[in-house]
Every structure is written in C-alpha cells, then in structure tokens.
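Please report on the model shown below. Cover its helix packing, its strands and its salt bridges.

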Amino acid sequence: MVFNRRKQQILGREWINEWEDQNSQFHREQRRRASSYCRLHYGKKCGALQRKVEDCGIQVKDSVVEAFNLMKIVSRKSEQRRKFLCLRVSDDDRYVIVNEEFDNEEFDNVKKPSEDDFLKFLSYLKSDCCCIVIYDVCYETTNSLVKDDLVIVNWCPEKAPAKQKLQFASAINIVKTKLQGVKATLQFNSMEDVSRSAVAEKLGKDVVKVEGVKVEE
C-alpha cells in the first residue's frame with residue numbers, strides 16, 4: 001500500500017484509521033515506518049504525534065475497562081473490593097488485557113489497612129517482565145483521615161526485553177486515556193525505586209501512612 005506524500009507528512013487521521021483495518025503484521029510494519037519517518041523528517045518535535053500513531057496500534061480490551069470500573073464503584077468497606085488489577089500486552093501485540101496469571105485470585109478483604117497489601121503489590125513486579133498494575137491504595141493523612149484512591153503503576157524493569165519496554169511505553173498512554181478516575185500514575189524501573197514513600201509522594205504531601213504503615217521520611 002502506497003501513501004501519497006501529503007499523508008506521510010501530516011500522518012493524518014485517515015491514515016491512522018486505515019491502519020486499524022489491517023492485520024497485525026502489516027499494522028506493526030506501518031507503525032515502524034511511521035516512527036522512522038517522524039524521526040527523519042521532524043526530529044524530537046513530532047514526539048506527541050508519533051505517540052498518537054504508536055498508541056493506535058494497541059487498544060484496551062473492554063474486559064479491562066469493566067474490571068476497572070468495578071474497582072471504582074464497589075465500596076471500600078465491601079469484602080468484594082478488588083485491590084489490584086494487573087495488565088499485560090496480548091500475545092498478538094494488539095491489546096492491553098488482564099494478566100491471567102493473577103486474574104483468578106480471590107478478591108482481597110480491605111476492611112482494615114494491612115501491610116500485606118503493599119507486600120502483595122510488590123509480588124506483581126517481576127524483575128524481567130513489564131506490567132501495568134492498577135492499585136487501590138489505602139492511606140492515612142496527617143489529620144488521621146483514611147482514604148482509598150486508585151493509582152496506575154507502570155513497571156518496566158531494566159531486564160525486560162527491549163520490545164516489551166517499547167510496547168509498554170506506548171500502552172501506558174492509551175491506558176491512562178481509557179481508565180479515567182485515577183489519583184496518580186507512577187513509573188518504576190527497579191525495586192530500589194519502589195517504596196511506600198514513593199507512593200505517598202504521589203498521593204499528597206500530607207500522607208503519613210500507606211496500607212497502615214508509617215511512611216519513612
């Protein structure tokens with residue numbers, strides 16, 4: 001398929017829509033060409049446009065949105081409140097889906113803040129595999145007010161495959177667009193970066209406890 005020079009220059013909406021109708025192999029090849037074209041003709045100035053083109057190659061499955069919406073509407077006092085939603089990219093590189101490895105776990109009882117909840121969050125972060133975790137964090141402020149908020153954690157460790165890192169660099173943008181109602185987005189690349197303090201910093205300056213444990217200063 002040959003695109004005229006005008007379409008190549010502006011990377012217009014019509015071109016992107018046309019990509020979405022192709023099979024995954026062709027689709028990936030066109031994204032690669034678009035990325036190369038951007039770097040060659042526009043340099044760093046086309047960053048936002050390039051992300052838009054790359055993002056259109058990965059879509060969020062409806063099942064992810066449904067699970068996320070349930071996390072928002074179920075009361076934190078309910079035993080059916082889900083604490084974590086772990087996401088990955090599908091094997092055909094086309095969708096962000098729920099990670100089946102963790103999807104069959106029972107819902108967590110979150111009536112009381114528990115240190116185990118943060119430790120369980122750490123168990124989702126593997127040293128050689130990227131993932132996106134939606135985490136329902138329970139925290140306490142300086143005035144002893146206990147709150148629950150959803151955060152998105154993008155985990156891209158150094159040992160993960162290069163292809164996977166690129167996929168998640170693109171996937172996180174579309175996930176943030178589709179999943180509305182989160183308090184903050186966190187980016188971690190090593191276990192040294194992950195701490196209650198790092199989470200608390202994103203939640204607010206007045207946070208003193210995360211999952212019932214005092215935040216270290």
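## Basis

Helices (H or I, at least four residues) and strands (E, at least two) are DSSP runs, numbered from the N terminus. This is a predicted model, in which local features need pLDDT of at least 70, side-chain atom pairs count only at pLDDT 80 or more, and totals for chains, interfaces and linings use all residues. Residues are numbered from 1 along each chain as its sequence is written, and side-chain values use heavy atoms, with hydrogens and water left out.

## The loop at Glu158

Glu158 sits in the loop between β5 and α8. Glu158 is exposed, at 59% relative accessible area. Here, buried means under 20% relative accessible area, exposed over 50%, and partly exposed in between (1.4 Å probe, protein chains only).

Beyond its neighbours within four places in sequence, Glu158 is in contact (heavy atoms within 4.5 Å) with Lys165 and Asn189. Glu158 and Cys129 are 29 residues apart in sequence; their C-alpha atoms are 9.1 Å apart.

## Helix α5

Helix α5 covers residues 62-73, twelve residues in total. The expected span of a helix is 1.5 Å times one less than its number of residues.

Val64, Val65, Ala67, Phe68 and Met71 are the buried residues of α5. Seen down the axis, they fall within an arc of 165 degrees, so they line one face of the helix. The arc is that of the directions from the helix axis to the C-beta atoms. An α-helix has 3.6 residues a turn, so residues three or four places apart point the same way. On the other side of α5, Asp62, Glu66 and Ile73 are exposed. The cover over the buried residues of α5 includes β1 (59-60), β2 (84-89), β3 (95-98), β4 (131-141), β5 (146-155) and α8 (162-178).

## Strand β5 and its partners

Seven of the ten residues of β5 are buried, so this strand is largely enclosed by the rest of the structure. Two strands pair if DSSP finds at least two bridges between them. β4 and β5 run antiparallel, joined by ten bridges. Val133 stands opposite Val153 in β5. The hairpin of β4 and β5 has four residues between the strands, and Ser144 there takes a positive phi near 65 degrees.

β5 and β6 (residues 184-188) run parallel, with five bridges between them. Trp155 has Phe188 in β6 as its bridge partner. From β5 the chain crosses through α8 to β6, and this β-α-β crossover is right-handed. That is, with the strands pointing away from the viewer, the path from the first strand over the helix to the second runs clockwise.

## Salt bridges

A salt bridge is a side-chain nitrogen of Lys or Arg within 4 Å of a carboxyl oxygen of Asp or Glu. The count by this rule is six. One of them joins Glu211 to Lys83, with the closest N and O atoms 2.9 Å apart. This pair links distant parts of the chain, 128 residues apart: Glu211 is in the loop between β7 (207-210) and β8 (213-214), Lys83 in the loop between α5 and β2. Both Glu211 and Lys83 are buried.

Lys163 bridges to Asp93 at 3.2 Å between the closest N and O atoms. Lys163 lies in α8 and Asp93 in the loop between β2 and β3, so the pair ties together parts 70 residues apart in sequence. Asp93 is buried, at 10% relative accessible area.

Asp91 bridges to Arg88, the closest N and O atoms being 3.3 Å apart. Asp91 is exposed at 71%, whereas Arg88 is buried at 18%. Arg88, Asp91 and Glu100 are linked in a salt-bridge network.
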